[in-house]
Amino acid sequence: MVPDGAGLHQLGSWTVIALLVLFYGGTLLMTVFIGRKNENADGYMTAGNKVGFGISAGSMTATWIWASSMYASDTSGYTYGISGPIHYGLWGALMILFIYPFGKRIRAVAPKAHTLAEVIYARHGKSSQLMLAGSNLVGSMVSITSNFIAGGALIALLSPFSFTQGIVFIGGGILLYSLWSGFRASVLTDAAQVFAMLGAVVIIIPVVFFAAGGPDMFVTGAANLTPQQSNFFSSDAFLNQGAPYIAAVLAYAIGNQTIAQRLFAVREDLIKKTFVTATVGYGATIIGIGMLGVMALYAGVAPLDGDTNNLIPQMAATYLNPVLLGVFLIMIIGALSSTADSDLSAMSSIMMADVYGQNIAKQGKANPKTMLFIGRITMVVATGAGLYFASGRLNILDLLVFVGALWGALVFPVIASFYWQKVTNKAFTVSVLVALAMFLPVRFGWISMAGPAGIVVDVLSVAGIGVVLGLMAFGFFGLKVAKIVAVVAMVAAAPFAIGFLHDYAVLSGSLVAYAVSTIVCWLMCFRNTKTFDFSTIKDRIGDFDNRAEANHGTPEPLLETKA
């Protein structure tokens, strides 16, 4: 076993400061070119709904490739062996692809929307809207926190600066370039950041691999692995990582405002190309970076201070020379910044459109200048809160899986609301609340799973399996195929799942959330005789800001690209 911190290289204080100034100064200069003296509130949230393919695909890829996903994939590789990064990266990539069919439907129903919760308001009303908006605020705050943790751990290991100093550098830099132009700043800088990330991964992973021993490492280090870790088809990896992540990321895909914001921003005819490109880019990058964890496992590296969040910077500091260490620093900073700025713009949009625009201001009387002020204050407050929560240094993988599972309660009600005319506001609200009430005690073991309770949880989990796979099939193949897939999945899973699945709290809690929200929503709606006209949604959602300005109503010059 390699001792904690053995042979670590560090960058000098001034080198790190220079790299941070170069990175954040460069992104700030980029945003200066799109800044406006009189900012437009709608442009601040969605950049005019006409972002071109190159920018939108780069932004979607960069937003999904966050530092936390890199760290979590690495942790998965170290914990579960060679199949860990596959389970993390592959399912995450496929979930981007699964957004595409639902995204096309949502965009067709509400072409001028700013947030998903705004559309739910037009479909149902305030309670459903605020429930979805609230869950997104919580999710984005967790995302910002986990990215700050990743950045702080990185700087603390690679430089003389402390963890606390690291998170302050990162938080301040991101806020600096995001504050004035909002979403436009996020989407433009994402495109540049993703190319930096992909280039760094192509260089860094092979260098670390050969420096750590090359192919011989898999022979000499095999003794460091358990039988489950050395098994590519490990049941331990699937039940603890793969299956929960399949469920969690579907929830992320449907309920996450950072994704929805890009869906509403991209040109409508480019949605498919954008999501397919992001699928490939994400999968290749995250699986590749996760192999650092596998290498650490084979090399017998012990995580510094017992914290797996330290694995990625620890491997880099052990095996990279100072020049490549600087490149690595920029790669991770780019990854965490691309997502953290997306979360800031998502939270500001929710506060602008959902909280102020539709619940505080009188109908049709929202003041664009007030909206912009609220959006910017939200960014400042969110950054401060993220820094505070990041000081606790929670486990990133646990944070991501928990939030994804929590959002599982929303997936069926949200999707059904865009396809099924019978879904009501009451059904949406009640089904989500009941699902959460079931999810929390299962996830945290508040009740004993011995006896009948465990069987009930297993039966609901089997139903959850059917719901997850059925929804995936529905997006691409329609309702008939979805029903067949759901039934076959439940019948196939029941003999293996009932009696033991409740032992896996993360997986069973997520599946229970899916199942309960689906069952309750369906039971409350199937006899409803009233139907909803989806064509009315686009008439209820439009621009908040009608001020005339030079580029208002036309694509941003720096954001528009050819198909």
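What follows is a short chat about this structure.

Q: What kind of model is it, and how are the residues numbered?
A: It is a predicted model, where local features need pLDDT of at least 70, side-chain atom pairs count only at pLDDT 80 or more, and totals for chains, interfaces and linings use all residues. Residues are numbered from 1 along each chain as its sequence is written, and side-chain values use heavy atoms, with hydrogens and water left out.

Q: How many helices and strands are there?
A: The protein has 22 helices and zero strands. Both are DSSP runs numbered from the N terminus: helices are H or I with at least four residues, strands are E with at least two.

Q: What share of it is buried?
A: Of the 563 residues, 60% count as buried. Buried means under 20% relative accessible area, exposed means over 50%, and partly exposed is in between, with a 1.4 Å probe and protein chains only.

Q: Moving on to helix 3. Why call it largely enclosed?
A: Because ten of its twelve residues are buried, helix 3 is largely enclosed by the rest of the structure. The buried ones include S56, G58, M60 and W64.

Q: What span should helix 3 have?
A: Helix 3 covers residues 53–64 and should span 16 Å at 1.5 Å a residue; its end C-alpha atoms are 16 Å apart, which agrees. The expected span is 1.5 Å times one less than the number of residues.

Q: How does helix 8 do on that test?
A: Helix 8 (residues 163–178) has 16 residues and reaches 23 Å from its first C-alpha to its last, close to the 22 Å expected. Its buried residues include F163, I167, I170 and Y177.

Q: Now the voids. How many cavities are there?
A: Searching the whole structure gives four cavities of 30 Å³ or more. The largest cavity has a volume of about 170 Å³. It is lined by 18 residues, with T63, W64, W66, Y252 and N256 nearest its centre. Helix 3, helix 7 (126–158), helix 11 (235–255), helix 12 (257–265), helix 15 (322–360) and helix 17 each give two or more residues to that lining.

Q: What counts as a cavity or a pocket?
A: On a 1 Å grid over the protein atoms alone, a cavity is a set of points where a 1.4 Å probe fits but cannot get out. A pocket is an open set with protein on both sides within 12 Å along at least five of seven lines, and lining residues have an atom within 4 Å of a point. Grid points are joined across faces, edges and corners, and a volume is the space filled by probe spheres set on the points.

Q: How much space is in the largest pocket?
A: The largest pocket holds about 650 Å³. Of its 20 lining residues, F412, L471, L479, K483 and T518 are the closest to the centre. Helix 17 (396–417), helix 19 (452–477), helix 20 (479–497) and helix 21 (505–525) each supply at least two residues of the lining.

Q: Back to single residues. Is D190 buried or exposed?
A: D190 counts as buried, at 0% relative accessibility. D190 is in helix 9 (residues 183–211). Leaving aside neighbours within four places in sequence, D190 is in contact with G58, S59, A62, T63, R262, S338, D341 and S342.

Q: What about S76?
A: S76 lies in helix 4 (residues 67–80) and is buried, with a relative accessible area of 0%. A polar atom of its side chain lies 3.1 Å from the backbone oxygen of G84.

Q: Where is D503?
A: D503 is in the loop between helix 20 and helix 21, and it is exposed, with a relative accessible area of 57%.

Q: Last one: how many salt bridges?
A: The count comes to one salt bridge, meaning a side-chain nitrogen of Lys or Arg within 4 Å of a carboxyl oxygen of Asp or Glu. The side chains of R267 and D269 form a salt bridge at 2.8 Å, N to O. D269 is exposed, with a relative accessible area of 52%.

Notes: A polar contact is a pair of N or O atoms within 3.5 Å; within protein, one must be able to donate a hydrogen and the other to accept it, and residues adjacent in sequence count only if both atoms are side-chain atoms. Contact means heavy atoms within 4.5 Å.
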